[in-house]
Amino acid sequence: MAALLEQYRKRIRTELDRVVDFWLKFSHDQQYGGFFTCLGKDGKIFDELKYVWLQGRQVWMYCRLYRTVKRFQRPEILKAAQSGGAFLQQFARVQSPDGPGKCAFCLTRDGRPVKVQRTIFSECFYVMAMDELSRVTGDKGMLADAESMMDQLVHWVRIDSSGLGRPQLTGDAPVNSMAVPMMLLCLVDQLTEGRERLVDKYRELSDWCVKQILQHVQRDGKAILENVSPDGKELPGCQGRLQNPGHALEAGWFLLQYAKTQGDTELQKLAVEKFMDVPFLTGWDAQHGGLFYFLDVDGHCPTQLEWNMKLWWPHCEALISYLMAYSHFREPAMLGKFTQVYDYTFSHFPDEKHGEWFGYLSQQGEVVLDFKGGPFKGFFHVPRCLYMCEKMLDHLLENGDS
């Protein structure tokens, strides 16, 4: 067993180094700051728009690597993270008549706003970036900025959503979308690391997020639905029947990580049995391998055109989930699922010639879109997965797993 885990660690470590090198080489904007994320298969820039989700994610990822992995404590990584953070602080927020408003979704190369989404996610990744950057620089102003934005997010989600700019239409029923409590739970984990004051401040919010996520366990525990009503009931139509296996798996490791910190053994078990086992059972393509992107719980054809494609990020979340579950419970079945996902992932997504990973494959596993970065794929899911898996494998091997 140790030899197998060492084999995984060696490949994952090598792949992480190659991915980091790709983004260091091709994504930095030396003129205006921040990062180019629309990168072709060979790293060539094909669009100069800057997406705030991805700017924040790249700052966070650089800082996390710099802070926690010795071989990444390199001046160029810290400098790039600081450049990205400065770009975000200067340009991410779109000014409104009442002062600083929402964060943009995308900006021009020099920071002018192009589009604003009526969601919370640009702000979420702004929080992640500022908090992690504050940890490597010691800048208390950045921490205050992150905490202030977090409080605004909580206000929008739980008190008054009018600041998002999305009118509540009479025919549009309120929805508990799993992405929202998931993301807030992720931010609580980020902000509270080593900070007892914030642990106390966000304790009730954490409990609320967990309860909201658990509402998505439906059909007597046999399905994880992406959208439910605010009181945890199924919604009608395609929206209510939607399943996203990758999202469920990501929620699984969020919940397991949280449950471990709380010593909640029941939640640990539920995280694995419902948010890891169920998505694998329903989401794995038995014919071609890999995880479907979307599914309909009643077997109808999903309306999302890419529903049967194999995307990079669900496989990243699956690798984290199953290795975390194995590391915690040491159940061979979890390592078996990790191995199955690992074999598919590493034989389909990495580009041996140019580096980094392709993101969008057909159901049959052929590359459909060959760019390495775009409006939604940046320096985040792949390196976060590789980083976390390397850390977990280090732990397993150092503790004599066999």
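Visitor: How many bridges join β14 to strand β15, and which way do the two run?

Guide: This is a predicted model. Start with the pairing: 2 bridges join β14 to β15, residues 360-361, and the two strands run antiparallel. L311 is bridged to Y360 in β15.

Visitor: What is the strand order of the open sheet?

Guide: The order is β14-β15-β16, 3 strands with antiparallel pairing. The edges are β14 (310-311) and β16 (367-369), and each of them pairs on one side only.

Visitor: Now a single residue. Is P279 buried or exposed?

Guide: Buried means under 20% relative accessible area. P279 has 3% relative accessibility, so P279 counts as buried. P279 sits in helix α11, which covers residues 265-283.

Visitor: Which residues is P279 in contact with, leaving aside its neighbours within four places in sequence?

Guide: P279 is in contact with P245, A248, L249, K274, W284 and L291. From P279 it is 13 residues along the sequence and 9.8 Å in space, C-alpha to C-alpha.

Visitor: Step back to the whole protein. How many helices and strands are there?

Guide: The protein has 14 helices and 16 strands. Buried residues account for 57% of its 402 residues.

Visitor: What radius of gyration does the protein have, and what would a compact globule have?

Guide: The protein has 20 Å. With 402 residues, a compact globule would have a value near 21 Å, so the two agree. The C-alpha trace spans about 55 × 50 × 45 Å along its principal axes.

How values were computed:
Residues are numbered from 1 along each chain as its sequence is written. This is a predicted model: local features need pLDDT of at least 70, side-chain atom pairs count only at pLDDT 80 or more; totals for chains, interfaces and linings use all residues. Side-chain values use heavy atoms; hydrogens and water are left out. Helices (H or I, at least four residues) and strands (E, at least two) are DSSP runs, numbered from the N terminus. Buried means under 20% relative accessible area, exposed over 50%, partly exposed in between (1.4 Å probe, protein chains only). Contact means heavy atoms within 4.5 Å. Two strands pair if DSSP finds at least two bridges between them. The radius of gyration is taken over C-alpha atoms; the globule rule is 2.2 Å times the number of residues to the power 0.38.
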